[in-house]
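Have the model open as you read.

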Amino acid sequence: MFRILRAFAWMRWRMLANALEHSGSRDTLQRMSLAIENLGPILAAVLLVPSALLLGAMGIGGGYMLAGGGRSVPFDIARVLLLFVPLLVIVGPLLMPGADRTNPIRLLLLPIPRTTLYVAQSSSAFGDPWTMLMLPLVLGIPVGLAAGGAVGAALVALAGALLLIAVIVGLSSLTTSILHLVARDRRRGELVALVFIIILPMVMMLPGLMQSGPRRERGEPRQPRLPAWAQTVTARALAVQPGQMFAEGTRASVTGAGSRAAASLAGLAAMSVVLHGLGLFAFRRVLDSPGSSGARRGTAARPAWGRRIPGLTIGASAVALGQVRLAMRTPRGRAILLSPLMMLVIFGIMIYRGSGTMDFGPFRFNGGLSLATFASVIALLGILPIAMNQFAVDGAGLTMTLLSPLSDRELLAGKAAGNGLIVTAPLLMSLSVPLLVFRSGSPALWLALPLGLLSVYLLVAPVAAICSATFPRAVDMNSIGRGSNAHGAAGFIGLLSFLAAGVPAILIVLLATRVLERPFLAPVLLAAWCAVAAVIGRLLFRPASRIFAARRENLAMIGNR
């Protein structure tokens, strides 16, 4: 088995090396783009080293202080951090590179036992960032206990740490296999993705939404206590949480409560056996099931769309409508539409319960205008994964688009208009709902907000076209995680351009409200700035058109991957 696992490790190394080596079918820029994308996880792992060392030192210090019999603050912090590990393990395959593990079905032709394949698949969990950070923390605690003279407690903590690692690996393997099974059916995968988009934010905000007591008046102290039934459920859930079982067993071994320590170890062992048993069963189902399921949906051929968006040619309008249709029919596109609305609902309820205000860390939301600004920024940022990869998201459809009698300017204008139409619906909801519900804030600033958003988009649109042509990335729009994200370099440049484009609008509002003390000038000045931004954007589309024309062949090759 160890020889086979060593061969798997070598195979992963060769896959990375092949991705970085010279390929005659790609130009220099595309090879650099692929190298950046493949080196990204390695650089991220290197950046995790200081954090891992810090957590290891925290674990050793916490164990040493715990062995002394006093209160151990580092141990308490570690106990809190371990609360989030199982959640990250479950959510990770949807959002992080852990979901992109090698498909094991192609390995069935090799003379490798399925149990060995399961071990190889499970071992890839050690490459997840949360697992890499958890290891030094939980293994440092028994080292600190041994250094403090509590050798017996250190052995118990070491056994608990190993069992906790086994539980996390089993949970990761089970989650990944279930995700593979769900994703086999396209409709089922889309439904799960949408449920995940809607349910997860609600679960994260549930404690704040369930705070007891009526709507709080101004000056009235907060009452953060949860209902009694919620406290009971929370206590019972924490009792069987793997990280808390490990911490409870370790503390019990130090205080001499051997029965409690043994019960915690037995619980972790039983949980590990159950999770790995279910994980192996689900993994076998993955190997036995076909690569995809679900009947194909046949559609009759439709005549070419004759609709025309004002200001665009028929060809550019067709490109724009095709971009909108792509967003409406894929989970990633629907996520762009739904995520801002969910954030709007959640924060709107919390602001309403707080009598029009809500403190969120260093930020304070005051009235509908603050909520509308926050939700609008979230909606505009949500378009970046598609806008910064607008040519590659079409897949093989891009080749047909390039073969059509469309000029480069028409294609770029259609893509920019399509991305704008996609984000229009969530922006309208983000602006209208807070205005109708709260009805607070200066009318001039309400008029200035959409103008500021328009100026930002006019400046970012040509940058998005340049980044999409320079750093294309083949994606799966049926995924809401890393598989549908734009290239890392394009996403980073897009975020910076968004922030830079928003600075002039913010300065204009501050000039009108703080310096000149005439808020009614804000929409007037922003309207003038929108005209300037439109001219700047039109000028930037010229180099974008030249870059796109030079990259046509490479973009077509990306679309056919």
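The largest nonpolar core has 56 residues, and those with the most contacts inside it are Leu380, Met388, Phe391, Leu412, Phe541 and Phe548. Helix α18 (residues 443-470) gives the largest share of this core, 13 residues. A nonpolar core here is a set of buried Ala, Val, Leu, Ile, Met, Phe, Trp, Tyr and Cys residues joined through side-chain atoms within 4.5 Å. Buried means under 20% relative accessible area, exposed over 50%, and partly exposed in between (1.4 Å probe, protein chains only). Helices are DSSP runs (H or I, at least four residues), numbered from the N terminus.

Before going further: this is a predicted model, where local features need pLDDT of at least 70 and side-chain atom pairs count only at pLDDT 80 or more, while totals for chains, interfaces and linings use all residues. Residues are numbered from 1 along each chain as its sequence is written, and side-chain values use heavy atoms, with hydrogens and water left out.

Now zoom in on leucine 412. Leaving aside neighbours within four places in sequence, leucine 412 is in contact (heavy atoms within 4.5 Å) with Phe391, Ala465, Phe541, Ala544, Ser545 and Phe548. Another core lies apart from the largest one, with 33 residues, among them Leu55, Ala153, Ile168 and Leu174.

On to the charges. How many salt bridges does the structure hold? There are 5 salt bridges, each being a side-chain nitrogen of Lys or Arg within 4 Å of a carboxyl oxygen of Asp or Glu.

| Arginine 251 | Aspartate 76 | 3.1 Å |

Take the salt bridge between arginine 251 and aspartate 76. Arginine 251 sits in helix α10 (residues 242-255) and aspartate 76 in helix α3 (residues 73-81), so the pair ties together parts 175 residues apart in sequence. Arginine 251 is partly exposed at 24% relative accessible area, and aspartate 76 is partly exposed too, at 23%.

Lysine 415 is buried, at 3%, whereas aspartate 394 is partly exposed, at 23%.

Arginine 552 is partly exposed at 22%, while aspartate 408 is buried at 17%.

Finally, Arg79, Glu248 and Arg260 are linked in a network of salt bridges.

Conventions:
Helices (H or I, at least four residues) and strands (E, at least two) are DSSP runs, numbered from the N terminus.
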